[in-house]
Amino acid sequence: MTLTANIRKLYAFSFLKMALFPMAIITLFWKDHIGLSLSEILLLQAIFSLATLLMEYPSGYLSDRLGYRLTLSLASLLGIAGWSWYTVADSFAGVLGAEILLGISYAFISGADSALLFETLKADGQEEHYARLDGRMTGWAQCGEAAGALFAGTLYAFAPLTPFFLQIAVWALAFILTRTLREPPHLHQGTLSAGVTEAIQISRHALLENRRLRYGIALAALLGLASFIPVWLIQPTMQLAGVPLAWFGPVWAGANLTVALFSLLSHRLSFHLGHRGMIILCLCLVVAGYVGLGLVESVWGFVFYYLLTAMRGLQGPLLRHHLQRESRPGTRASILSLKSLVFRLLFVASSPLVGRLADNQGLATTFLLLAAAFALLLLPFAILFLHSQATRPNTVKD
């Protein structure tokens, strides 16, 4: 029996999981409603990432063993709990409790939806379409976030908690949807008896033995970090530049539509530019985006943030396809979760420093320093990644 119905359902799940009504105003909510500083906001996100990190790889491993549908259903229930907690939070500790629940929720999602897409296509003999359909799945996700953000500023101005109540309803729909997904028949034939040993073996293979996986994970994590840090700085940047509150939702929607558009274009551009051209383009977008945010402090300065969201859209399908192709059957969610774990480690290590820098030196200086830091970090890993691709065999055996 065909599993292609999973593809449409995964598109819908991607839309729902990213239809984040509070996201376009969340930094303002923390800053103005809860009373947090930028340092506390970045610390909060570091703790969120730590919670995600602690569950990241175990959740990916459990996804490969217990089933992707079960994992996505658990993630949806945790999402309902986390956003419900937000409706009663009134302090750093209250917000922290909600963020920890949401961090665990996103850890359970991480890798499971992409791995289910890959295994679904493989079971139906359509594995070669993965990069294109993964781009579509990312596109649906960003359209979901754009839709959720569109009227976020207006909803927040009307009643600050309205976006959070809507978010609970979204995750309830996501839970219902996950219960209709189907597992590919050949998955999860291993047992949990050798869990820790096997998980260590997968990690060793990815980070030590297979350099194509190692450099792919490192590059994906660094590019992810480059597009993630501004998420928590762009709203106060817009506020300082005098951007009207009613614009916040449409601006956020535009950013996510940019990710969606470039996710859809990623496969096509990769065909024309190749890996080398795509990676060079991503590096240029990172530097240009940060330099623009640092130098242009007008109302329209936020458009440079769109360069970073365009990079996010381009690199996602490209590097996920690389990691899926290099992964062995039964380890694909684990590998993607391992990549997310590395990303979270980098964010936990860097975000408190970035927050302190923004509070003490200002946002413009922070963006310019980040431009220099990412240029220095990304270039060597991009070279190592491209070199590993140049020596890749024509086929990779499972």
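Neighbours within four places in sequence aside, Ser76 is in contact with Phe13, Trp171, Ala174, Phe175 and Thr178, contact being heavy atoms within 4.5 Å. The model is predicted, with pLDDT of at least 70 needed for local features and 80 or more for side-chain atom pairs, while totals for chains, interfaces and linings use all residues. Residues are numbered from 1 along each chain as its sequence is written, and side-chain values use heavy atoms, without hydrogens and water.

Helix α4 also contributes 3 residues, the largest share, to a nonpolar patch. This surface patch, of about 330 Å², is made by Leu66, Leu70, Leu74 and Leu77. Leu66 is found in helix α3, residues 38-66, and is partly exposed at 45% relative accessible area, a class that lies between under 20% and over 50%.

A cavity is a set of points on a 1 Å grid over the protein atoms alone where a 1.4 Å probe fits but cannot get out, and its lining residues have an atom within 4 Å of a point. The largest cavity holds about 1,200 Å³ of space, a volume being the space filled by probe spheres set on the points. Its lining comprises 50 residues, with Met18, Tyr106, Phe228, Arg312 and Arg344 nearest the centre. Helix α14, residues 305-326, gives the most to this lining, with 7 residues.

Key:
Patches are made of residues with over 30% relative accessible area and no salt bridge: like charges are joined within 9 Å, nonpolar side chains (Val, Leu, Ile, Met, Phe, Trp, Tyr) within 5 Å. Accessible areas come from the Shrake-Rupley method with a 1.4 Å probe; for residues, only the protein chains shown count as cover. A salt bridge is a side-chain nitrogen of Lys or Arg within 4 Å of a carboxyl oxygen of Asp or Glu. Helices (H or I, at least four residues) and strands (E, at least two) are DSSP runs, numbered from the N terminus. Buried means under 20% relative accessible area, exposed over 50%, partly exposed in between (1.4 Å probe, protein chains only). On a 1 Å grid over the protein atoms alone, a cavity is a set of points where a 1.4 Å probe fits but cannot get out, and a pocket is an open set with protein on both sides within 12 Å along at least five of seven lines; lining residues have an atom within 4 Å of a point.
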